[in-house]
Amino acid sequence: MAMIRLAFDADVHGDIIRGLRRRIPEIDYKRVQDALPEGVSDPEVLEWVLAEARILVTNDRGSMIRFAWHRAQGGLPTPGIVATTISQSVGSAIDDLSLIVKCMSEAEIQDRFVIFLPLR
């Protein structure tokens, strides 16, 4: 199984990205803030993630999930999303994301629409 490709939203804590990269050096990821202008809208982020064929990791459980839901309800393609939370420790988030990256396919995440962390 090929490793999933991630896109990290600007609101994901940098320590999570750095820790995941240390744990899985070969991880294929891009940060939204490195690819898109500051202040870009959530719908534009979703379009970019789709065009890049990536899974979005976001800490935005509000508007980002709502925009994705509206896309899906309208019959538009929607990227798979992994939603982190500030209440989860950085180490626990790295553990959960490592498990997802190593054990799930993009299709499995797409089918679930959103995976909310923590996993346990």
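Modeller: A residue counts as exposed when its relative accessible area is over 50%, as buried when under 20%, and as partly exposed in between. The model discussed here is predicted.

Biologist: Is Ile86 buried, partly exposed or exposed?
Modeller: Ile86 lies in the loop between strand S4 (81-83) and H5. Its relative accessibility is 77%. The cut-off is over 50%. Ile86 therefore counts as exposed.

Biologist: How far apart in space are Ile86 and Asp60, C-alpha to C-alpha?
Modeller: Along the sequence, 26 residues separate Ile86 and Asp60. In space, C-alpha to C-alpha, the distance between Ile86 and Asp60 is 9.9 Å.

Biologist: Now the helices. Are H1 and H5 parallel, perpendicular or oblique to each other?
Modeller: The axes of helix H1 (residues 14-23) and helix H5 (residues 90-103) come within 9 Å. They cross at roughly 50 degrees. Angles under 35 degrees count as roughly parallel, and 65 to 115 as roughly perpendicular. H1 and H5 are therefore oblique.

Biologist: Which residues of H1 and H5 make the contact?
Modeller: The crossing of H1 and H5 is right-handed. H1 brings Asp15, Ile16, Gly19, Leu20 and Arg23 to the contact. From H5 come Val90, Ala93, Ile94, Asp95, Leu97 and Ser98.

Biologist: Which element gives the most to the largest nonpolar core?
Modeller: The largest nonpolar core has 21 residues, and those with the most contacts inside it are Leu6, Phe8, Val82, Leu97 and Ile100. Strand S1 (5-8), H1, strand S3 (55-58) and H5 each supply at least two residues of this core. With five residues, the element that gives the most is H5.

Biologist: Leaving aside its neighbours within four places in sequence, which residues is Leu97 in contact with?
Modeller: Leu97 is one of the residues with the most contacts inside the largest core. Beyond four places in sequence, Leu97 is in contact with Phe8, Ile16, Leu20, Val57, Val82 and Leu117.

Biologist: How many residues does the second core have?
Modeller: The second core is separate. Val45, Met64, Ile65 and Ile81 are among its residues. The core has 15 residues.

Biologist: Which way do H3 and H4 cross, left-handed or right-handed?
Modeller: H3 and helix H4 (residues 63-73) pack with their axes 9 Å apart. The angle is about 65 degrees. The crossing of H3 and H4 is right-handed.

Biologist: Which residues of H3 and H4 make the contact?
Modeller: The contact of H3 with H4 has seven nonpolar, one polar and three charged residues. H3 supplies Asp42, Pro43, Val45, Leu46, Glu47 and Leu50. H4 supplies Ser63, Met64, Phe67, Ala68 and Arg71.

Biologist: Next, the backbone. Is the peptide bond from Leu117 to Pro118 cis or trans?
Modeller: Pro118 lies in the segment after strand S5 (114-116). Most peptide bonds are trans. Here, from Leu117 to Pro118, omega is near 0 degrees and the bond is cis.

Biologist: What is the phi of Ala53?
Modeller: Ala53 is found in the loop between helix H3 (42-52) and S3. At 41% relative accessibility, Ala53 counts as partly exposed. Most residues other than glycine have a negative phi. Ala53 is not a glycine, yet its phi is positive, at about 55 degrees.

Biologist: Leaving aside its neighbours within four places in sequence, which residues is Gln110 in contact with?
Modeller: Gln110 has its place in helix H6 (residues 106-112). At 33% relative accessibility, Gln110 counts as partly exposed. Gln110 and Pro79 are 31 residues apart in sequence but 6.4 Å apart in space, C-alpha to C-alpha. The contacts of Gln110 are Ile55, Thr78, Pro79 and Gly80.

Biologist: And leaving aside its neighbours within four places in sequence, which residues is Arg21 in contact with?
Modeller: Arg21 has its place in helix H1. Its relative accessible area is 37%, so Arg21 is partly exposed. The contacts of Arg21 are Ile27 and Tyr29.

Methods: Residues are numbered from 1 along each chain as its sequence is written. This is a predicted model: local features need pLDDT of at least 70, side-chain atom pairs count only at pLDDT 80 or more; totals for chains, interfaces and linings use all residues. Side-chain values use heavy atoms; hydrogens and water are left out. Axes are lines fitted to C-alpha atoms, for helices over the stretch in contact, and angles run from 0 to 180 degrees between N-to-C directions. Helices (H or I, at least four residues) and strands (E, at least two) are DSSP runs, numbered from the N terminus. Angles under 35 degrees count as roughly parallel, over 145 as roughly antiparallel, 65 to 115 as roughly perpendicular and the rest as oblique. A crossing is left-handed if the near helix is turned anticlockwise from the far one by less than a right angle, and right-handed if clockwise. Contact means heavy atoms within 4.5 Å. A nonpolar core is a set of buried Ala, Val, Leu, Ile, Met, Phe, Trp, Tyr and Cys residues joined through side-chain atoms within 4.5 Å. Buried means under 20% relative accessible area, exposed over 50%, partly exposed in between (1.4 Å probe, protein chains only). Ala, Val, Leu, Ile, Met, Phe, Trp, Tyr, Cys and Pro count as nonpolar, Asp, Glu, Lys and Arg as charged, and the others, Gly among them, as polar.
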